[in-house]
Amino acid sequence: MTIPIKPTVLIIGCGPAGLGAIEQFLRKGFYVVAYEARDAIGGLWNYDPNPPPCTVSFDKQGHAVALTKLERQGKPAPSPTPMYAGVTANTPRDIMPYRSHPYPEGTVEYPTYKTIYQYQQRFADKYTDYIRLNRVVTRVRHVPDGHPAVKRWVIEWTPSYTSNSPDIGKAFEEQFDHVVVANGTDSRPFMPYIDGLWNWKGEILHSRWYRTPEAFAGKTVMIVGGGPSSADLVREIGMLKVNKSPSQPKKIYRSFRSKLRYDTELEAGWPEHINNVSPMKILEGPSEHSKTGRITTVLEQVIDDVDVIIFATGFVARFEFFKDTDAPFNGAPLVRYPQVSEAAAKPPLELVGEATLEGGHRVHNLDSHQLFYLPDPTLPFLLLHAEAIPWPFSEMQARVVASYWTGTPLELIPHSNEDNDSHSVLVLGHPGEFEYAEGLLKLIGEGGPEEVDSQGRWGAWPEWKRHIRALID
């Protein structure tokens with residue numbers, strides 16, 4: 001009798017996307033292993049109250065590069081998560097969880113990060129046999145010529161530099177039929193190019209390092225960005241002034257480009273303490289007017305009293321384990337490095353560091369669903385999209401991938417806007433999130449008005465969940 005060999009799947013990352021994927025590939029008969037760089041599951045929801053300090057350097061184009069010391073040294077260690085102490089979900093409880101794993105009865109409608117993290121821990125408890133912690137993936141490639149591996153992908157990993165493993169510094173090699181990238185795109189902070197930022201001598205911080213508003217007591221703070229992270233930061237810091245806290249900042253500015261979408265709790269009074277300004281145009285160094293430097297906005301407003309600039313401006317997609325010298329990525333790169341106009345001012349050579357962004361605003365060479373790597377669909381990327389609820393969305397994507405790999409035919413074509421390097425290509429929101437999910441599920445013979453029908457087929461979401469989602473967009 002011949003015993004069939006299960007096809008193997010490596011899932012990189014055990015946050016919301018990776019954890020849900022484990023279940024979906026197991027149900028289709030795959031042999032599954034999931035690697036997590038940290039010492040516990042949870043991804044960005046794995047709160048670290050004391051991340052290593054933020055250090056900022058500049059590349060030759062003038063991009064600010066914010067890193068920890070270990071990152072700057074190239075040590076194989078997990079990146080700090082962007083989770084901060086005051087995070088509360090901006091999505092109602094009933095539409096947040098994995099499809100078959102609702103929150104326990106009595107959970108508040110908008111859970112804190114602690115509740116969300118505990119939910120993930122409970123979900124992961126039944127899959128501990130498949131999870132390997134403290135494993136940092138350092139290289140993923142097709143089996144090179146002459147290599148003895150018999151499977152499609154060769155994986156190199158090493159114990160996390162922050163673990164207590166006796167094998168720190170050693171490289172290990174594995175091989176898999178399929179590789180699922182589920183570790184997110186928040187490992188390399190993005191700060192937009194601003195002329196002269198390298199001359200400014202105040203503190204520069206990315207929101208990845210923000211933890212509590214009290215850290216800015218007595219300081220004048222400039223928060224850059226118009227998204228949800230910016231809204232959270234200005235609200236938390238602003239409420240210290242509303243409450244006349246001894247830890248309140250001296251003053252708060254917010255610089256943003258487009259109309260704000262995430263201002264909430266207006267009745268609390270914090271907006272009265274926020275000075276909204278146009279985007280920063282140029283920064284100058286210290287002078288008789290300012291110890292830190294002078295900021296001029298695009299509307300020619302001059303600001304010379306800022307102590308700290310916090311960039312709540314998102315991240316670039318970066319996958320350090322995919323080398324552009326390795327196949328298949330040497331023929332079809334995943335990211336494009338953000339460019340700055342040749343005419344734009346550049347930092348002097350003595351201020352240019354070795355570190356670069358090593359990423360781009362979106363992932364390229366994927367199919368129209370931004371899911372499969374077109375040169376080799378045994379490599380999918382989960383949860384690249386923005387404004388989609390992570391747990392049910394990535395779980396649905398993993399279900400589609402597992403179905404395709406077990407024989408359901410799919411036509412994979414390039415994205416119609418492949419040449420556009422803007423992150424906006426990935427923004428779904430409402431109703432885009434449902435249209436995307438419903439379309440994918442129909443391609444594998446599922447979909448429909450019921451969340452799970454009598455034959456176990458999934459629908460995009462029932463009407464009552466769609467209604468809740470529409471109210472928050």
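How many aromatic pairs does a search of the whole structure find? The search finds 28 aromatic pairs in this predicted model.

**View 1. The aromatic pair of Y47 and Y113.** The rings of Y47 and Y113 form a tilted pair, with 4.9 Å centre to centre and 50 degrees between the planes. This pair links distant parts of the chain, as the two residues are 66 residues apart. Y47 lies in the loop between strand 2 (31-35) and strand 3 (55-58), and Y113 belongs to helix 3 (residues 113-124). Y113 has a relative accessible area of 10% and is therefore buried, the cut-off being under 20%.

**View 2. The aromatic pair of Y127 and Y130.** These two tyrosines also form a tilted pair, at 6.5 Å centre to centre and with 50 degrees between the planes. Y127 is buried, with a relative accessible area of 9%, whereas Y130 is partly exposed, with a value of 29%.

**View 3. An aromatic cluster that includes W153.** One cluster is formed by W153, F319, F321, F322, F329, Y373 and F381. Its members include a tryptophan, W153, and a tyrosine, Y373.

**View 4. R135 over the ring of W157.** The charged end of R135 sits over the W157 ring. The distance from the ring centre is 3.9 Å.

**View 5. K465 over the ring of W461.** Here the ring belongs to W461, and the charged end of K465 sits over it. The charged end of K465 is 5.7 Å from the centre of the W461 ring.

Definitions and conventions: Residues are numbered from 1 along each chain as its sequence is written. This is a predicted model: local features need pLDDT of at least 70, side-chain atom pairs count only at pLDDT 80 or more; totals for chains, interfaces and linings use all residues. Side-chain values use heavy atoms; hydrogens and water are left out. Rings of Phe, Tyr and Trp (its six-membered ring) pair if their centres lie within 6.5 Å; planes under 30 degrees apart count as stacked, over 60 as edge-to-face and the rest as tilted. Helices (H or I, at least four residues) and strands (E, at least two) are DSSP runs, numbered from the N terminus. Buried means under 20% relative accessible area, exposed over 50%, partly exposed in between (1.4 Å probe, protein chains only). A charge sits over a ring if NZ of Lys or CZ of Arg is within 6 Å of the ring centre and within 35 degrees of the ring normal.
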